[in-house]
Amino acid sequence: MLYDHLSVNERGHLTIAGRDTVALAEAYGTPLMVMDEARIRARFRLYREAMTRWFGGASRPLFASKALSCRYLYRLAREEGVGIDLVSSGELYTALASGFDVGQAFFHGNNKTDADITYAMDHGVGWFVVDNLTELDRIEEEAAKRNRVQPILLRLTPGIDPHTHAAITTGQVDSKFGIAIETGQADEAVAYTLAQKHIRLDGFHCHIGSQIFEITPFCDAAKLMIAYVAQVKARFGYEASLLNLGGGFGVRYIESQPQPDYADSIRRIASLIDAEVARSGIRKPTILMEPGRSIVADACVTLYTVGGTKDIPGFKHYVSVDGGMPDNPRYALYQSDYTVCLASRMKDQPDYTCTVAGRCCESGDLLQENVCLPKPKRGDILAVLTTGAYNYSMASNYNRIPRPAVVAIRDGEVIPVIRRESFEDLIRYDL
């Protein structure tokens with residue numbers, strides 16, 4: 001089995017956190033996303049404890065809530081002593097509704113609107129991660145109106161290519177995100193920021209991409225950023241107190257991918273930072289990181305009901321399910337790898353190679369190709385593993401299909417997280 005919180009019971013059914021997925025599908029309907037709360041909490045603690053141990057001081061993880069933004073996740077983050085990063089006013093509203101102290105939040109985004117900036121300041125967001133000088137001017141203007149000083153980080157692009165999928169690479173010089181170091185624009189931004197009366201520059205942020213298994217790109221980014229902190233000190237007499245290295249650690253979606261050791265990766269990055277700080281003669285900044293995918297992805301499975309199979313002799317075989325790209329667009333977008341299994345018949349021989357297709361009127365509505373399963377029949381329950389990140393958060397109502405329900409397993413009990421949308425919800429805003 002891909003993960004240790006998944007198993008097969010005596011009935012030959014897939015289980016998650018000890019609960020029978022077929023029984024869950026019968027009780028709550030499909031498509032259904034099922035999360036293991038203990039696994040999410042354990043991952044929060046792993047990051048928090050590893051960062052405290054190896055980075056020291058006030059270093060801490062910030063949950064990248066774009067991976068899965070809902071009140072339930074913000075409550076878990078709060079209870080586990082983890083900060084958050086936000087990328088929209090909608091995520092901020094959800095965090096506030098959960099009772100999260102957004103004074104511990106960092107507000108991201110490459111195009112924060114005037115309404116975003118006003119809303120965030122109204123509710124006391126701790127830091128803006130500033131993407132460009134146009135945004136900086138607007139934050140200065142809004143802070144001046146309030147006669148306050150707003151803490152920020154400048155988002156910088158370190159010019160590192162981590163060789164991940166182009167759509168999730170964010171640290172290269174020509175990225176839409178951040179301010180490039182190598183062009184000299186970062187120095188200009190630092191000088192401009194330090195001259196503002198109502199903005200306090202607390203440090204820098206970088207993020208090189210997502211779903212990265214190699215540690216070398218993270219170490220390269222950390223080395224470059226420490227060097228830049230030292231460069232800024234020498235040139236401007238300003239020493240950063242915070243350095244946010246972003247997220248991006250990979251997650252094991254299929255057996256051929258490695259199982260990352262997140263704690264050891266943090267240890268290795270910390271060792272490099274300590275050496276670079278000592279060599280540069282600067283004060284070590286407080287280190288922040290933004291795990292998202294690696295917190296929630298492998299804690300979740302999505303369950304579907306099989307509609308039928310279609311065999312095209314000499315070509316391919318299709319298995320159609322009652323979900324698809326509306327609840328998981330990642331294969332259509334990135335051809336993302338997933339492990340797929342027949343949850344209701346885990347002990348049967350997998351001898352049927354097929355394409356798992358969604359129900360939408362769209363040729364690209366596929367969940368995975370070249371999957372080997374026992375030949376499914378109508379009514380079987382099919383499971384796609386590792387669906388906690390960028391699945392529900394990217395979900396849509398394409399073809400007027402309601403978004404699925406989400407439940408969590410806590411100490412063997414089922415906890416409703418997000419209710420299934422109704423047909424009435426689909427027309428709620430129609431006029």
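To begin with, is the crossing of α8 and α9 left-handed or right-handed?

Modeller: The crossing of α8 and α9 is right-handed (the near helix is turned clockwise from the far one by less than a right angle). This is a predicted model, in which local features need pLDDT of at least 70 and side-chain atom pairs count only at pLDDT 80 or more, while totals for chains, interfaces and linings use all residues. Residues are numbered from 1 along each chain as its sequence is written, and side-chain values use heavy atoms, leaving out hydrogens and water.

Helix α8 covers residues 216–236, and α9 covers residues 262–280 (helices are DSSP runs of H or I with at least four residues, numbered from the N terminus). Their axes come within 9 Å and cross at roughly 25° (axes are lines fitted to C-alpha atoms over the stretch in contact, with angles from 0 to 180 degrees between N-to-C directions). The two helices, α8 and α9, are therefore roughly parallel to each other (an angle under 35 degrees). In α8, F218, C219, A222, K223, I226 and A230 meet R268, I269, L272, I273, E276, V277 and S280 in α9 (contact means heavy atoms within 4.5 Å). By class, this contact of α8 with α9 has nine nonpolar, one polar and three charged residues (Ala, Val, Leu, Ile, Met, Phe, Trp, Tyr, Cys and Pro are nonpolar, Asp, Glu, Lys and Arg charged, the others, Gly among them, polar).

Helix α8 also meets α7 (residues 185–194), where the axes come within 11 Å and cross at roughly 55°.

Finally, a search of the whole structure finds one cavity of 30 Å³ or more (a set of points on a 1 Å grid over the protein atoms alone where a 1.4 Å probe fits but cannot get out). The largest cavity holds about 60 Å³ of space (the space filled by probe spheres set on points joined across faces, edges and corners). Its lining consists of C206, I208, F218, A221, A222, L245, I269 and M289 (residues with an atom within 4 Å of a point), and these divide into eight nonpolar, no polar and no charged. Helix α8 gives the most to this lining, with three residues.

Conventions. 1 Å grid on protein atoms, 1.4 Å probe; cavity = no way out; pocket = protein on both sides within 12 Å on 5 of 7 lines; lining within 4 Å. Parallel < 35°, antiparallel > 145°, perpendicular 65-115°, else oblique.
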